Amino acid sequence: MSEDGTSLDLERWRGLDALGRRDALASLENLGTALETLGREIEAAARAEPALAADDAAALADTLGELDGAPAVARADLLRLAAGALANLGKHEVALTTLDSARQLAAEDPVVAARVDVASMQPLAKLGRVRDAIELGTRACGVLEREGRPDLAARGRFNLANLRKMSGDHAGALEELRTAEAELGSIAAIAATIENTRGESLLQLDRVFEARIAFERAIDAFEATESGYAMAMAIGNLGDLEARSGRFHEGLAAFDRAITLMRSVGAEPQARRLEVDRAALLQSVGLHEDAAEEASRLLPALATLPAEAARSWVVVARAALRRRDADSARVAASAALETAGDLEPWRTDAMLLAAESAMTAGAADEARGHLNAVDRGRLGMLHRAVTARIEAGIAITEGRVEDAIDTIDAIDADLLPEWVVAETMLPAIDALAIAGRIEDAIDRARDASRRIDAARTSWRTERLRAAWTGGRIEIHLRLIGLLLDRRGEGDLAEALAVAERARSRTLLEHLDRAIGESGEDDREVAGWRSELEALLSRLEDDDRSGRDRNGQDGDHEHRRDVAMAIAPARLERIRTLQRLIDDRLDATADPDLTPAARRPESLGAQATIAPDEAIITMLPTGSEIAFVLLRPGTTERLPLTASVREIEGLGDAIRFDGERWSAWSAGGPSADRRRDAALRRLRMLHRKLVEPLGSALDGVDRLVIVPTGSGQALPLHAALDADDLSLGERLAITLAPSLRIREHLLATTPPPRTPRWFVAGVADRRAPRIEAEARCVAEIHGDRPRLGGEATVETVAAGLSESTMAHIACHGRFEPAAPEASGLRLTDGWLTLRRLMACRLDLDLLVLSGCETARGRVAAGDEVAGLPHAAMRAGARRVVSSLWSVPDEDAAEFMIALHTRIAESRSADPADAIRHARRESRNLSPHPAGWAAFQVHGV
């Protein structure tokens, strides 16, 4: 209040107590003028601090009601302002209740009553009553224009533009904006808001260039007026535009910035809305499970935000489709439809998804029904592409393959991002193949594969590049399958090259140093890393591994895995921290560090094959895996194709046999029966996957296997022939992540050098032989072992970094739900996969004598998260590890035989040494649990 008691500003008002506020209002000489001034200040504050503005307006209305003779319409106008701020905060039901009170107070003043109706439009629309909102707003604007208030009518027209945009009438929205701008364009804050809304409609009309200009103008204007809330909305819209344009990195960065800004002004519902946008963008990248998990987490908080809830259900449904879980997808799509109501474009998103889910489930009529309910005239370019893909899929299901091809060909590819064009080609590729037009199908598949691979190089971080390729692996698989089926000259070599473009790419790029680090961590990221490392390295142990089925301590000693007793909240925190760190890197990575594109013609695997050597590479074609043999000067497809399900079943059964033997006492009446059952399984493996090779391996002494998918965990080396000789005893066998990675490792392997050994062991009551094993291994190589208290995380990490050969004997674990929590248990904690990847190694050989150290989680594109791949990423060229838990005595004997052979041969090559160790171990323990678990990764 001024000295003369004639005015009152918002800052002074906030500093008064209840009595002071009443006295201040009562002493004003011109109450009406003062209230108008305060109203404008509150309205301006609502854009930056909506929660505080809502409190200010409500408190002012309440205080005014305590004064005798105070005008009711003034209170109505203040309640209108309070409701507007509440709506900005997502409190739509409360806003409507407040507006009902305002409408009663303004009954005698048509202008104020009309303004209350205009204010009701936003909360009505957000609660799904868009048509009611448009009808109410149109009537209110007419009243304001008749009452000679075109300025207020223009504000209503602006709100109507938003509603028409929500209903899908974007042309009508632009017309409303033109009317509003003619009256309000000179007001900076309102002009900026008009630009932002114009950009939203332009984007839906696929006028992307004009939309970008509108958003950038709005952001600049909001920043100049310090309108944090509105600026965050405009930045989020720009993020959506970047995502639609295929500029996903820029989109992620924009959403992160907008979410942070929105929360800084206390607008949590709007921040959640932006988080839904971000989840949808992650799904576009290929991070379907991450996106679905984020969307599912948000759903309980979106009860009053139907549009955002519908979009979250869409994300969940799409993730289910990617898992080929059509039933779950249909349930989520139905929830999306129910939640979206008449809200556009979310209703269309939900309807198309429901159609796609029905088509995937084989319900063509249901899918067509959903498509028929879509307003085709209002579809944007992305929706048109999705619609065409679904229609083509229905046509294929009904045998109308030419119609499917024509539907895809009718799309204007020039208007679509490269990745959308590639995905849209899939049904056309299938239709062409069904029609027998194999040449055309291959040409389409080549084009789609090229588009995906070219787009991949734009990603700046490994996580997003892996997700991008993995999320679109079907395109590469189609091309591989078509090439293998055609069997023309050069087709097999091209299929190999395509597989290599999609296989273990992030590991290869890291080894090639085609990418770099993202720079020093900021303080927040450093804190996340510190907390994550502490959680990963201090997870409690569960001694279930030393118990038998009755819950009693077993009387045998074995190197069983130490299972993690991770509370759900702790596991969730681990995964949250990993996402926070990865997302920050995604948003801030240096664009100059993106990997260079790789050309298929650079594949030179045959030049590296020795005369007595062969390579078997597995080529995925979808539900099946083909086997290809490479020998010096020749490449041939082997007469063997196994189903993915068959390989998974064999691998799981053999690993179960090994685990069961380790978990139970090796003696007892059922021991022989369990051993015989395990041996029969290995003979079956030989019949199914080795005997069909015939004479292909004649003259071969060394075999390199390049596995794919479930083949990563298949112990082909343990397959037993009719003479009970395993393939891994006949041949020296190594596993390589890809042909290119093998080439790289061979090219970077130094000439023979004097080894520098590092040996460490951590024993306990479950595996007491570990200490004796470590002593013996160290003695074989003339080294001093680090045992017990000396084998700390820091000591072992340093020892690995300073050595050329290493042997680590301890408990290990693999955690599928959080692979980076997998690792080796040392004296003071866990050497985790994440910590191992951060080491800088120059190891010719790393032997991991622990349980399950060879296991890993395999993502699409054969991106493996496991200890061998982490060690190779850090700089190890060869890694010996185990597929399952091995009895303690058997593990020690195997390792002593292995190292004795290495020392005698004076070589860092473990493939031949492990062959001899298998032979010796079988003489000591005929059950495969003791000799079949260990394998070699690398070269």
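I call a residue buried under 20% relative accessible area, exposed over 50% and partly exposed in between (1.4 Å probe, protein chains only). This is a predicted model, where local features need pLDDT of at least 70, side-chain atom pairs count only at pLDDT 80 or more, and totals for chains, interfaces and linings use all residues. Residues are numbered from 1 along each chain as its sequence is written, and side-chain values use heavy atoms, with hydrogens and water left out.

Entry 1, salt bridges. I count one when a side-chain nitrogen of Lys or Arg is within 4 Å of a carboxyl oxygen of Asp or Glu. I found 60 of them in the structure.

R437 and D440 form a salt bridge, with the closest N and O atoms 3.2 Å apart. R437 has a relative accessible area of 34% and is partly exposed; D440, at 33%, is partly exposed.

I looked up E613 and R742, whose salt bridge has its closest N and O atoms 3.3 Å apart. E613 sits in strand β4 (residues 613-620) and R742 in helix α34 (residues 739-748), so the pair ties together parts 129 residues apart in sequence. Helices (H or I, at least four residues) and strands (E, at least two) are DSSP runs, numbered from the N terminus. E613 is buried at 9% relative accessible area, and R742 is buried at 4%.

Salt bridges link R263, E268, R272, E275, E294 and R297.

In α2, R21, R22 and L25 meet A59, L60, T63 and L64 of α4, contact being heavy atoms within 4.5 Å.
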